[in-house]
Amino acid sequence: MKSVLRYKAKLSPVFELVLSGQSPAIFALGHLLQHLCYYSGAATQWQNEKLPIKYNDLLNEFTTYCYTRDLPRAMNALHSLQTHKIWADAVTYSELIKCCLARGAVEQGKRVQQHVFSNGYEPKTFLVNTLINMYVKFNMLDEAKALFDRMSERNVVSWTTMIAAYSSTKMNNKALEFLILMLRDGVRPNMFTYSSVLRACDDLSNLRQLHCSILKVGLESDVFVRSALIDIYSKMGRLECAMCVFNEMVTGDLVVWNSIIGGFAQNSDGDEALTLFKRMKRAGFSADQSTLTSVLRACTSLALLEVGRQVHVHILKFQRDLILNNALLDMYCKCGSFEDAHQIFTQMVEKDVISWSTMIIGYAQNGFSRKALELFNEMKVSGIRPNYITVLGVLFACSHAGLVEDGQYYFHSMKKLFGIDPGREHYGCMVDLLGRSGKLDEAVKLIREMECEPDAVTWRTLLGACRVHRNMDLAEYAAKQIIKLDPSDAGTYILLSNIYAHTQKWEDVVDLRTSMKERGVKKEPGCSWIEVNKQIHAFIMGDNSHPQIEEINKELNQIIWRLKEVGYVPDTNFVLQDVEGEQMEDSLLDHSEKIAVAFGVMSLSREKTIRIRKNLRICGDCHLFAKLLAQIERRSIVIRDPIRYHHFQDGICSCGDYW
């Protein structure tokens with residue numbers, strides 16, 4: 001006992017260093033000493049050797065309750081300490097504070113603060129830091145700031161705790177301000193400070209200054225700092241900078257790999273994300289749940305179902321958490337494999353609002369709008385409160401099924417029922433719903449009543465409805481509004497060009513194309529992707545570079561011949577060039593989805609679904625082509641365009657010809 005007390009007295013400054021988190025080795029040593037002192041009964045005695053025995057008994061009792069996390073008895077013992085004006089050591093109080101945090105006991109935590117500052121007692125910096133951290137965890141930043149201001153001496157932990165708190169609550173300016181104050185106070189930031197403040201950057205110039213500071217102090221190799229740098233550069237869309245940080249040195253930590261893979265996946269660069277994933281595996285790293293979540297996002301953005309299924313096999317090795325389950329669910333929904341999505345959803349033990357919303361939107365996008373609304377009702381019964389995205393999915397379902405009354409009900413009651421104010425996206429869904437139903441005047445009225453300014457997407461939605469219903473005057477008006485907001489948007493010119501083409505106004509088409517050329521606006525070429533034997537094959541309209549293009553064209557011509565035998569007549573309303581007769585039909589053959597489908601027919605067995613991803617909305621002729629082919633070939637075809645999913649089977653499309 002005396003030996004332990006002697007070492008405890010000598011090493012008391014070490015405890016302060018331990019509690020500041022400066023060194024893992026010191027932390028381990030301090031942790032060992034802490035337990036030695038506790039089990040020997042010395043944790044309180046070493047500071048109170050001259051106290052009467054009954055006071056030492058009080059301290060020992062208090063210490064026991066704190067370490068065994070008996071909060072009610074610990075608080076009663078704390079009251080006795082307060083009455084007798086005695087104090088325990090900082091480590092014991094920290095155990096009590098941990099107990100308060102675990103129980104969510106805010107009032108008890110405040111009582112601990114009152115006690116340690118009572119009667120002129122000055123708690124150690126470590127203990128004040130622990131109290132500040134407690135208030136931060138309780139989301140009581142005002143109390144944390146007040147205690148921080150009260151400190152006579154602040155160390156790196158004090159400053160970092162506040163900076164991290166402001167950063168995590170998106171009070172970015174405050175986090176950056178505290179970093180400046182910290183430097184002025186002569187306290188040197190550490191890796192945790194920089195990793196916290198980096199996430200508060202929303203301005204590239206600030207980020208570059210911080211990056212320079214990190215290089216000056218030599219912390220650029222730290223795992224947490226590198227990871228934070230990659231994350232924030234990716235968040236700003238500066239993937240080339242993120243890649244430079246990643247490539248500056250050999251990566252020896254999975255955290256950094258996860259950051260760079262996640263950065264590309266979140267920026268919809270699935271190809272590079274998957275390439276990095278392969279590099280990571282070749283480097284000898286095993287994927288964890290975070291890695292697999294990002295890889296699933298990459299598969300989702302590329303609609304790579306087979307690769308996604310391979311990732312699913314890896315996931316089976318882990319105890320799946322909610323985030324990973326949601327990513328898996330989203331992948332299957334967006335890859336058009338709704339049977340798999342439904343199976344994952346029903347097997348999930350825990351579901352949150354993201355799970356429900358993903359499934360509702362998945363049903364809607366895949367043409368099962370009634371099922372989406374049924375699931376929405378099930379969600380409400382389950383007690384999960386819908387959020388902004390959920391309601392957007394419900395309106396999307398109504399829009400793509402032509403459920404005008406249902407859509408209007410949910411739109412006008414979302415504030416009352418769910419406390420959600422309609423946003424620009426909700427208005428856009430309603431404009432789409434009214435426009436598709438031919439209620440163009442009501443759509444225009446709704447746009448004028450919007451609480452927020454309509455953006456180019458809203459006007460483009462109206463323009464698309466005008467195309468369907470051949471309302472030239474309103475189409476031109478909508479197009480002008482779009483061009484005012486986004487003069488470089490090629491989609492606007494193309495939609496208006498289609499309207500002119502349908503009414504044979506070829507001179508207006510030429511004028512539009514001339515205007516596009518003068519403004520430097522280029523039409524995005526139609527492109528379709530298909531996955532065959534784990535390889536992605538891309539087809540671009542007018543491009544003959546595929547090594548099997550001659551075989552594909554031969555197959556396509558044979559398909560067209562068979563379709564014409566059952567009544568297929570190419571719909572030349574979707575031809576944009578001023579050409580005649582067979583030339584008009586020939587140009588329809590160049591549409592990328594037809595070429596991709598023909599390749600799928602010749603490459604995949606009849607039992608396998610042909611899955612196509614397309615960058616532009618499918619045209620009416622290709623839609624009819626896919627319906628008839630699915631019928632005569634007795635196979636399933638899924639085409640995913642930027643708007644929705646089309647499941648073709650038995651001569652029917654899941655969209656009900658309403659898209």
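This is a predicted model: local features need pLDDT of at least 70, side-chain atom pairs count only at pLDDT 80 or more; totals for chains, interfaces and linings use all residues.
1. Numbering runs from 1 along each chain as its sequence is written, and side-chain values use heavy atoms, with hydrogens and water left out.

2. The largest nonpolar core has 173 residues, and F62, Y93, I132, I260, M359 and L462 touch the most other members. (A nonpolar core is a set of buried Ala, Val, Leu, Ile, Met, Phe, Trp, Tyr and Cys residues joined through side-chain atoms within 4.5 Å; buried means under 20% relative accessible area, exposed over 50%, partly exposed in between, with a 1.4 Å probe and protein chains only.) Another core, of 32 residues, lies apart from it and includes I549 and C619.

3. Leaving out residues up to four places away in sequence, Y93 touches F62, L78, L81, I86, W87, A88, V112, H115, V116 and L127 (contact is heavy atoms within 4.5 Å).

4. Now the helix pair: the axes of α17 (residues 254-266) and α18 (residues 270-282) come within 7 Å and cross at roughly 160°. (Helices are DSSP runs of H or I, at least four residues, numbered from the N terminus; axes are lines fitted to C-alpha atoms over the stretch in contact, with angles from 0 to 180 degrees between N-to-C directions.) So α17 is roughly antiparallel to α18, a label for angles over 145 degrees. Among the residues making the contact are W257 and F264 of α17 and L276 and F277 of α18.

5. N173 lies in helix α12 (residues 172-184) and is exposed, at 61% relative accessible area.

Conventions. Helices (H or I, at least four residues) and strands (E, at least two) are DSSP runs, numbered from the N terminus. Angles under 35 degrees count as roughly parallel, over 145 as roughly antiparallel, 65 to 115 as roughly perpendicular and the rest as oblique.
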